[in-house]
Amino acid sequence: MKRNFVWIVWLLCGLQAAMAKDFRVLSPDGRIAVSVQTGNRLTYSVERDGKSLLERSEIGLTLADGTAWGANSRFGKAVSRSVNTSHEAAVFKRKVVKDRYSELTLPARDFSVCFRVYDDGVAWRFVPKKPVTVKSELATFSFAGDWPAYIPYVRQNTKSLESQFHNSFEALYDHHELSKWNKDRLAFLPITVEAADGVKLCVVESDLLDYPGMFLYNGEGGRTLKGVFAPVPDKTHQGGYINLQRVVDSRKDVIAEQTKQMPWRGIVIAAEDWQLAESDFTWRLATPHDSRDWSWVKPGKVAWDWWNNWNLYGVDCEAGINNETYKYFIDFAASKGLEYVILDDGWSVGKAADLMQVVPELDLPMLAKYAEKKGVGLILWAGHMAFERDMEAVCRHYSQMGIKGWKIDFMDYDDQQIIQFYRRAADMAAKYHMLVDFHGASKPAGLNRTYPNALNFEGVFGLENMKWADSSIDLVTYDVTIPFVRLVAGPADYTQGAMHNATKQNYAPIWAEPMSQGTRCHQLAEYVIFDAPLTMLCDAPSNYLREPECTDFIANVPTVWDETIALDGRIGEYVVLARRRGNQWFVGALNGWEARGLTLDLSFIPKGQAVVFADGVNAHRAARDYRRTEVALADSMTIHLAPGGGWAMATIAK
């Protein structure tokens, strides 16, 4: 009997060994290598220039029926291919996106697993052959060193990880080694890790259309992060803020039901910090838009009411949510060539969660016609549940009225139901030629490529927080960090444009008349640095009209681009980008709290004249101090940035 047992063990070990295979995939330039190991585990590891970045990291899925994908899976003959192409982007930070990678696909009976290796990162995904219900996913990132990371922990003050699935996806970054992870907290994507030799690794996901978003967690205090996913909601009710949120009462024991498409897991790899600031990695991985005509999608800038608390002055009407106030906003937008005005929270009857109930102070059809005559479009704010209850009816009704889009708020989850909502909302809005700005949302994960009318996602600790955040909040440092972390995922509804600016010492939260941290030029440069095809002007028209030079500059900055080039930058310190639309170039520089000088290589910009906005000599004392000049462009330019400062330039068309 013992002899038979030994023989059986030997046979099983032999079968397992037969199943185990190693594969190696190189990036097109040969510098990044991914090694894939199959057998009793499915793992990947990553090197760059022969140096380990990620050690063997296990991935896999368990379906609701107990079937495991990955570990002990029998794979057929591997399929390899190389791709070198380009894509034209409808609404993005560059018109043409180069797409070059090496791909390895391992087919199994019911699924395949696909790995891609780019010159700037690696990605993988499971591909089911038919819809499946997923009980759990194993996604691990075993970093080769105990490296520092920029970590956006969820903001909920609770030790229950499950309760943290409900969050606003707004957080400043904790910066510490992986082993010092807060074991009471989940973190959401993206996360940027500082590897050896200056290399940066940014963990992202893309093509997220029918699956929960990924959180990361480290409960063991080592160097391995693990993916965590919100289970599918079971029982929910309508409640939360002004009765407009979906509140989850209980969840099922699966994370995705009958999912047809699983997202890409990705790691952007940058030898220099500035390479993250110009990344289009997540866009490349996303599903392209369908063959519908998308030419009606019109990005642009928006005069916004909520942040400035409808505070007008020097006008004949009492400011507030009324027809005369919004006509003033429309007149302002028309005078400056702004494409849109938003009617934020307050235009519909509060707590009713019924977008057909307009407050009696507003004549919305009249305002829509008034705006149309002025060449301005109106966008309406909507709570998630109010929009969800009958999105086709409200889209049909308001599109017929002439409304151009929606700002949808308070999703505050990214479980499968919410991810499916994003897609349905974008698709329904597109049916009626309406734009969508997803506020109160998680980071973008490719939907902006699949649906070009899905212009913005919040998922950022934006300027709106300065209405109430105390002086312990350091937004300036955050501003020079997000280009290397959050914005790697895609556009953000940050809502910049404050005309009341403050130094670190002078800042104070004032709800009705808020201010920014940092200088005036810091605010101007954000229009060049931050990606947002639908970009807000957060301050009051009255304040902008008192600052015509700055307002005219903001109004003329495009929101989508033909070309984007990162010139310089260090995460958490400063960033410099150059962007082109047509024949005009814009350059922006954002600075942290340490004054610095920089010499910019502008040799690629055709010679001519340019308008420059620079921090004034007293900007370190009075943050609103700036100087506007016209200069002749040279191959290089030396600039000075005040603490919390900025610099912005626009070439003058001949």
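What is the volume of the largest pocket? In this predicted model, the largest pocket has a volume of about 610 Å³.

**The largest pocket**

The lining of the largest pocket is made up of 22 residues. Those nearest the centre of the pocket are Asp119, Asp120, Glu278, Asp280 and Arg284. By residue class, the lining of the pocket divides into 12 charged, eight nonpolar and two polar residues. Strand E7 (96-107) and strand E21 (264-270) each contribute at least two residues to this lining. The largest share comes from E7, which supplies five residues.

**The nine-strand sheet**

Both E7 and E21 also belong to an open sheet of nine strands, whose order is E6-E7-E8-E9-E21-E15-E14-E11-E12. The pairing in this sheet is antiparallel. Its edges are strand E6 (79-88) and strand E12 (174-177), each of which pairs on one side only. From one strand to the next, the twist averages 20 degrees.

Strand E9 (residues 121-128) runs antiparallel to E21, and four bridges join the two. Among the residues concerned, Ala123 has Gly266 in E21 as its bridge partner.

**The six-strand sheet**

A further open sheet contains six strands in the order E31-E32-E33-E38-E35-E36, again with antiparallel pairing. Strand E31 (563-570) and strand E36 (626-632) are the edge strands, and each pairs on one side only. The twist of this sheet averages 15 degrees from one strand to the next.

Strand E35 (residues 609-615) and strand E38 (residues 646-651) run antiparallel and are joined by five bridges. Ala614 stands opposite Trp647 in E38. Helix H11 (residues 520-529) lies across strand E32 (574-581), strand E33 (584-591), E35, E36 and E38. The helix runs at about 125 degrees to E33.

| Six strands | E31 (563-570) and E36 (626-632) | 15 degrees |

**Cavities**

How many cavities of 30 Å³ or more does the structure contain? The count comes to seven. The largest cavity has a volume of about 160 Å³. It is lined by 21 residues, and Phe92, Lys93, Gly490, Pro491 and Asp531 are the closest to its centre. Helix H3 (residues 281-285) gives the most to the lining of the largest cavity, with three residues. The residues that line this cavity divide into 12 nonpolar, six polar and three charged.

Arg284 is one of the residues nearest the centre of the largest pocket, and helix H3, which contributes to the lining of the largest cavity, spans residues 281-285.

**Aromatic pairs**

The structure holds 38 aromatic pairs. One of them, formed by Trp69 and Phe111, is stacked, with 4.4 Å centre to centre and 15 degrees between the planes. This pair links distant parts of the chain, since Trp69 lies in strand E5 (residues 68-69) and Phe111 in strand E8 (residues 111-118), 42 residues apart.

Key:
Residues are numbered from 1 along each chain as its sequence is written. This is a predicted model: local features need pLDDT of at least 70, side-chain atom pairs count only at pLDDT 80 or more; totals for chains, interfaces and linings use all residues. Side-chain values use heavy atoms; hydrogens and water are left out. On a 1 Å grid over the protein atoms alone, a cavity is a set of points where a 1.4 Å probe fits but cannot get out, and a pocket is an open set with protein on both sides within 12 Å along at least five of seven lines; lining residues have an atom within 4 Å of a point. Grid points are joined across faces, edges and corners, and a volume is the space filled by probe spheres set on the points. Ala, Val, Leu, Ile, Met, Phe, Trp, Tyr, Cys and Pro count as nonpolar, Asp, Glu, Lys and Arg as charged, and the others, Gly among them, as polar. Two strands pair if DSSP finds at least two bridges between them. Axes are lines fitted to C-alpha atoms, for helices over the stretch in contact, and angles run from 0 to 180 degrees between N-to-C directions. Contact means heavy atoms within 4.5 Å. Rings of Phe, Tyr and Trp (its six-membered ring) pair if their centres lie within 6.5 Å; planes under 30 degrees apart count as stacked, over 60 as edge-to-face and the rest as tilted.
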